[in-house]
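Grab a pencil and work through these exercises with the model open beside you. Try each task before reading its solution.

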Amino acid sequence: MKAQLNRAPTEAQSLIDWFDRHRRDLPWRRDRDPYRVWLSEIMLQQTRVQTVIPYYEAFLARFPSVGDLAAAPLDAVLSNWSGLGYYRRARQLHAAATEVALAGGTFPATVAGLLELPGIGAYTAAAIASICFDVVVPVLDGNVERVLTRKLAQEGEVKSSLVRRRLIEEATGLLDPQRPGDSNQALMELGATICTPKRPQCLLCPLAEECSARLEGTQESYPKARAERATEEIAVIAVLVEDDQGRTLLFRRPEDSSLLAGLWEVPWTESSGTDVTEELGRRYGGNWRLGKKIGAARHGITYRDLRVTIYRGEIAGGGEVREGPEAGWFTFEQIGELGTSSLVAKILGVGRADRGLRGPKVEAKPARRRPPTK
């Protein structure tokens, strides 16, 4: 492997020189603090850079160190994550922070050590190790895969073991052993800004001379597209229940839920032709009554496109629900401190608008079908 590090010194140096001239000024690049780098890498999974930046800065303001994050209640962490989606990341972030804090607040400096932390996979471990600790190890994320499959005109599925071995070998050959973190960031930056999925700017690319796809004129054919899962539209009924003090009834999702585990939500059910009130009773207990329809919202979760119709409602008999689901009555301000998804903000916004109150301005978006370019 060591012999390959200098296999293409001109390309490796050209890549570093390009990065030194054109790197974006991103907040997590201003030092090599592993906490900050780790936080950025977790937030950037499945999420665009421009979306992440305000969340990253606000999250750091609330939890400035790994010790602060570990000491915080999980609900506070989930609340500050609300809007970024993929909430399992936040739960694993909190779990990993707890482990680091118990170990004295120092992050492992090796790939193997980082892989032991919850939520850290091969890419994230390699990124942190190379950027923060100068470990000479390549990274493979979506941007890097795109750059390298085009450079090699690599056929086949990028997740296959054979293709991944070849891409890792190529990425290793582009590493500057004195600046492995910058080499990795340069490849990621190249994929994000120059070697983009559509209309790559090949004339500006420091690797253009050796790019097989550019020479063939087939850049946009790589990487080979995977079959996408079709977006599934789901009709949902959400019910806003308020008491005489203006508090809203929320339920916490079970910890073992496949989606949005542990988050608080407005009572809901799919509108699949069954009696909505009966279904609400089976799900939450109590005798439900639907009031007027007050609006609608759309919300995307992975491949699911939720079409939400929002009603007011009540539970007969003083609002008693069955034992099991964790439930509570919360003011609008208290809900802001809970772990909720952005769908709750949309529903509450509709409810407040119905009462002539100002609510959060939230735009409903359809389901996202593939991870975006960072």
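**Exercise 1. A proline and its peptide bond**

In which loop does Pro223 lie? Work out what joins Pro223 to Tyr222.

*Solution.* Start with the ground rules: this is a predicted model, where local features need pLDDT of at least 70, side-chain atom pairs count only at pLDDT 80 or more, and totals for chains, interfaces and linings use all residues. Residues are numbered from 1 along each chain as its sequence is written, and side-chain values use heavy atoms, with hydrogens and water left out.

Step 1: find the loop. Pro223 sits between α12 (212-216) and β1 (232-241); helices (H or I, at least four residues) and strands (E, at least two) are DSSP runs, numbered from the N terminus.

Step 2: check the bond. Tyr222 and Pro223 are joined by a cis peptide bond, with omega at about -10°. For background, most peptide bonds are trans.

**Exercise 2. The whole protein**

Put together an overview: how many helices and strands does the protein have, and what share of its residues is buried?

*Solution.* Step 1: count the elements. There are 15 helices and seven strands.

Step 1: look at burial. Of the 374 residues, 49% are buried (under 20% relative accessible area; exposed is over 50%, partly exposed in between; 1.4 Å probe, protein chains only).

Step 2: check the contacts (heavy atoms within 4.5 Å). Take those between residues at least 6 apart in sequence: 66% of them join residues at least 24 apart.

**Exercise 3. Helix α9 and its two partners**

At what angle does α9 cross α11, and at what angle does α9 pack with α10?

*Solution.* Two packed helices are described by the angle between their axes and the distance between the axes. Axes here are lines fitted to C-alpha atoms, for helices over the stretch in contact, and angles run from 0 to 180 degrees between N-to-C directions.

Step 1: α9 with α11. The axes of α9 (residues 142-152) and α11 (residues 180-193) come within 8 Å and cross at roughly 80°. That makes the pair roughly perpendicular (65 to 115 degrees; under 35 is roughly parallel, over 145 roughly antiparallel, the rest oblique). On the α9 side, the contact uses Asn143, Val144, Arg146, Val147 and Leu148, and on the α11 side Leu187, Met188, Leu190, Gly191 and Ala192. By class, that contact has seven nonpolar, two polar and one charged residue (Ala, Val, Leu, Ile, Met, Phe, Trp, Tyr, Cys and Pro are nonpolar, Asp, Glu, Lys and Arg charged, and the others, Gly among them, polar).

Step 2: α9 with α10. These two pack at about 95°, with their axes 10 Å apart, so α9 is roughly perpendicular to α10. Glu145, Leu148, Thr149, Lys151 and Leu152 of α9 meet Arg164, Arg166, Leu167, Glu170 and Ala171 of α10. The class tally for α9 with α10 is four nonpolar, one polar and five charged.

Step 3: a closer look at α11. Its 14 residues reach 20 Å from first C-alpha to last, close to the 20 Å expected at 1.5 Å a residue (1.5 Å times one less than the number of residues). Of those 14 residues, 13 are buried.

**Exercise 4. Around Pro138**

Which residues does Pro138 touch, leaving out those up to four places away in sequence?

Step 1: list the contacts. Pro138 touches Ala126, Ile168, Ala171, Thr172, Leu175 and Asn184.

Step 2: Ile168 is 30 residues from Pro138 in sequence, with 6.6 Å between their C-alpha atoms. For Glu169, 31 residues from Pro138, the C-alpha separation is 8.6 Å. Glu169 belongs to α10 (residues 161-173) and is partly exposed, at 39%.
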